[in-house]
Amino acid sequence: MTDEMDITARLNLAQWHLTRSDQLRLGLISRASGILSANALVITGVVFISGLSSSSISPITGAFALTSLAAIAYSTISAVGIFTGSRSIPKISLGHDDRTPIAFSYSDTISKISSAKEFRDTFTAQTTAETLDAAVLELWRCICVHHARTKKLGSATRWMLISSAALIAAAAARIFLEIF
């Protein structure tokens, strides 16, 4: 009985970590949204500084504006990757066996189980220890996904900063060329 209580306590701990993992995911998504908003502002600035309504633009201003737009493209791709995930995540996050964490990983459960009856039978046949194992496997997958998304957020931030610097350089070139 003591071992069963220990497994239940560990299952509760895994549940706490899975809930925390969901909160971390939402935090990353919120930050990615902020980066996308900043990207939109930089694009607006590039359009304004470039004077796309005028017929002439200096090559220097144009080069900085294009650099800014290219950096924004990389930043946007990285930020959107936080929302959509990556194809490599299942490969990274799966263990060496082919177990599916039933009731924890919905898309994998659907691909392995074809009916409500099969799901009910599989789910109710699980022992507490097997449920703990599935929860721990899903927690590992969440950790791997969070790590990959955090790297994408760092990339999106770096490219956004590069695009902002290029925007400032384009604005400085535009002002300098207007004065002289």
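Which side chain does D6 meet in a salt bridge?

The side chain of D6 meets that of R10 in a salt bridge (3.0 Å, N to O), a term used when a side-chain nitrogen of Lys or Arg is within 4 Å of a carboxyl oxygen of Asp or Glu. Both D6 and R10 lie in helix α1 (residues 2–50), four residues apart, about one turn of the helix; helices here are DSSP runs of H or I with at least four residues, numbered from the N terminus. The structure holds three salt bridges.

## About the model

This is a predicted model, in which local features need pLDDT of at least 70 and side-chain atom pairs count only at pLDDT 80 or more, while totals for chains, interfaces and linings use all residues. Residues are numbered from 1 along each chain as its sequence is written, and side-chain values use heavy atoms, with hydrogens and water left out.

## Two helices in contact

The axes of helix α2 (residues 59–84) and helix α6 (residues 128–179), which are lines fitted to C-alpha atoms over the stretch in contact, come within 7 Å and cross at roughly 160°. The two helices, α2 and α6, are therefore roughly antiparallel to each other, a label for angles over 145 degrees. The residues of this contact between α2 and α6 divide into 20 nonpolar, eight polar and three charged.

Terms used:
Axes are lines fitted to C-alpha atoms, for helices over the stretch in contact, and angles run from 0 to 180 degrees between N-to-C directions. Angles under 35 degrees count as roughly parallel, over 145 as roughly antiparallel, 65 to 115 as roughly perpendicular and the rest as oblique. Ala, Val, Leu, Ile, Met, Phe, Trp, Tyr, Cys and Pro count as nonpolar, Asp, Glu, Lys and Arg as charged, and the others, Gly among them, as polar.
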